[in-house]
Amino acid sequence: MKIIGIDPGTNLLGFAVLDGSSKNNPILIFSGKLKLSSYSNHYIKLERIYNKISQIVQEYKPDFLSIEAPFFGKNIQSMLKLGRAQGVAMAAALSAGVEIIEYSPRKIKQAITGNGDASKEQVALMIKSILNLKELPDSFDESDAIAAALCHFYQKGSVNKSKSYSDWGDFIKKNPNKVVKK
């Protein structure tokens, strides 16, 4: 299973591809950032985002795109531009049949550090540790994209929409491997 993580932005967009085939040890295939600040035309930025995400999807054939949901800020125009960047990235993945999952920034931080209020520095340091990276990612946009992919890696194991349980006994009966005997 492959997961693309995206930290949407109109000046810098972070992206990462994670191999989540192993149950316990995800592997970072690659990550990077798309620099868009040199383009003054917002529509050109959106085109570049679409093309880059389409290229990644074609090359790596992911199963999921995990993307950071926009948070509400004070500047409506910035929020609108961020939403457009997110939508274009999602459209690129959807056009190839990739399932989209959105996580709030707080949920991503919680999944990586155990603290929904963690700083970007703490998230980057945890990613380095979790994935045994030799150095920190180049930017917080890149580390946030890796974090989004890792968040989905962790969530996919705990969320199974096809199963429902009537009570704890039913859960234990259907998941004997999750019972820890002391």
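One cut-off first: a residue counts as exposed when its relative accessible area is over 50%, and as buried when that area is under 20%. Keep in mind that this is a predicted model.

**Stop 1: Lys61.** Select Lys61. You are in the loop between helix H1 (42-60) and strand S4 (64-68). Check the backbone here: phi is positive, about 45°, although Lys61 is not a glycine. Is Lys61 buried or exposed? Its relative accessible area is 60%, so Lys61 is exposed.

**Stop 2: Asn132.** Asn132 sits in the loop between helix H4 (120-130) and helix H5 (140-158). Asn132 is not a glycine, yet its phi is positive, near 55°. Show the surface: Asn132 has 65% relative accessibility and therefore counts as exposed.

**Stop 3: the largest pocket.** Select Asp7, Pro8, Glu68, Phe71 and Leu82 together. Of the residues lining the largest pocket, these lie nearest its centre. The lining has 24 residues in total. The space in this pocket is about 440 Å³.

Which helices supply at least two residues each to the lining? Colour helix H2 (76-94), helix H3 (105-113), H4 and H5 to see them, as each of these does.

Finish by colouring the lining of the largest pocket by residue class. Eleven of its residues are nonpolar. Eight are charged, and five are polar.

Notes. Residues are numbered from 1 along each chain as its sequence is written. This is a predicted model: local features need pLDDT of at least 70, side-chain atom pairs count only at pLDDT 80 or more; totals for chains, interfaces and linings use all residues. Side-chain values use heavy atoms; hydrogens and water are left out. Helices (H or I, at least four residues) and strands (E, at least two) are DSSP runs, numbered from the N terminus. Buried means under 20% relative accessible area, exposed over 50%, partly exposed in between (1.4 Å probe, protein chains only). On a 1 Å grid over the protein atoms alone, a cavity is a set of points where a 1.4 Å probe fits but cannot get out, and a pocket is an open set with protein on both sides within 12 Å along at least five of seven lines; lining residues have an atom within 4 Å of a point. Grid points are joined across faces, edges and corners, and a volume is the space filled by probe spheres set on the points. Ala, Val, Leu, Ile, Met, Phe, Trp, Tyr, Cys and Pro count as nonpolar, Asp, Glu, Lys and Arg as charged, and the others, Gly among them, as polar.
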